[in-house]
Amino acid sequence: MALALHLIFAFGSMGFATYVFIKPSKSGLFTAYTLVFSTLISGFYLVLSKPANILEVCTMGLLYLGFVSFAIVSARNKLARAVSKN
């Protein structure tokens, strides 16, 4: 069950971060932050409860965080530019 939730959070956050990158909004950024936080918490739980190859887990986690962070930071910058124009 925890693994299924973790995957839902991870894929959901990647999809939603991409959506927020295309159409930035304050509420969208909050939702993206919440999904990323949920993914990290569930990932830590999975690593602590079922230790696996930590190198593989960390590599995938860093790739995930890199992708999602880039999308969120870019969306935040786009939103800041749009708000400052008004």
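Mentor: Helices here are DSSP runs of H or I with at least four residues, strands are runs of E with at least two, and both are numbered from the N terminus. Let's take helix H3, where threonine 59 has its place. Keep in mind that this is a predicted model: local features need pLDDT of at least 70, side-chain atom pairs count only at pLDDT 80 or more, and totals for chains, interfaces and linings use all residues. Residues are numbered from 1 along each chain as its sequence is written, and side-chain values use heavy atoms, with hydrogens and water left out.

First, the setting. The chain has three helices and zero strands, and reading along the sequence gives the pattern α-α-α. Its C-alpha atoms fill a box of roughly 50 × 25 × 15 Å along the principal axes. Of the contacts with a separation of 6 or more, 81% join residues 24 or more positions apart, contact meaning heavy atoms within 4.5 Å.

Now to H3, which spans residues 54–85, and its meeting with H1, residues 2–22. Their axes come within 8 Å and cross at roughly 25 degrees; such axes are lines fitted to C-alpha atoms, for helices over the stretch in contact, and angles run from 0 to 180 degrees between N-to-C directions. H1 and H3 are therefore roughly parallel to each other (under 35 degrees is roughly parallel, over 145 roughly antiparallel, 65 to 115 roughly perpendicular, and the rest oblique). The crossing of H1 past H3 is left-handed, that is, the near helix is turned anticlockwise from the far one by less than a right angle, with clockwise being right-handed. On the H1 side you will find Ala10, Ser13, Met14, Ala17, Thr18, Val20, Phe21 and Ile22, and they meet Tyr64, Phe67, Val68, Ala71, Ile72, Ser74, Ala75 and Lys78 of H3. Sorted by class, that contact holds twelve nonpolar, three polar and one charged residues (Ala, Val, Leu, Ile, Met, Phe, Trp, Tyr, Cys and Pro count as nonpolar; Asp, Glu, Lys and Arg as charged; the others, Gly among them, as polar).

The other partner of interest is H2, residues 26–49, which packs with H3 at an angle of about 170 degrees, the axes being 11 Å apart. H2 and H3 are therefore roughly antiparallel. From H2 the contact draws on Lys26, Leu29, Ala32, Tyr33, Leu35, Val36, Thr39, Leu40 and Val47, and from H3 on Ile54, Val57, Tyr64, Leu65, Val68, Ile72, Ala75, Arg76 and Leu79. By class, there are 15 nonpolar, one polar and two charged residues in this H2–H3 contact.

Leucine 29 is buried, with a relative accessible area of 7%; buried means under 20%, exposed over 50% and partly exposed in between, using a 1.4 Å probe and protein chains only. Leaving aside residues up to four places away in sequence, leucine 29 touches Val20, Ile72, Ala75, Arg76 and Leu79.

Isoleucine 54, found in helix H3, is partly exposed at 49% relative accessible area. Leucine 55 also has its place in H3 and is exposed at 61%. Threonine 59 is partly exposed, at 37%. For a sense of spacing, the C-alpha atoms of isoleucine 54 and phenylalanine 67, 13 residues apart along the chain, are separated by 20 Å. Leucine 55 and isoleucine 41 are 14 residues apart, with 18 Å between their C-alpha atoms. Threonine 59 and lysine 23 are 36 residues apart in sequence and 29 Å apart in space, C-alpha to C-alpha.

The axes of H1 and H2 come within 8 Å and cross at roughly 150 degrees, which makes H1 roughly antiparallel to H2. H1 passes H2 in a left-handed crossing. Across the chain, buried residues make up 24% of the 86 residues.
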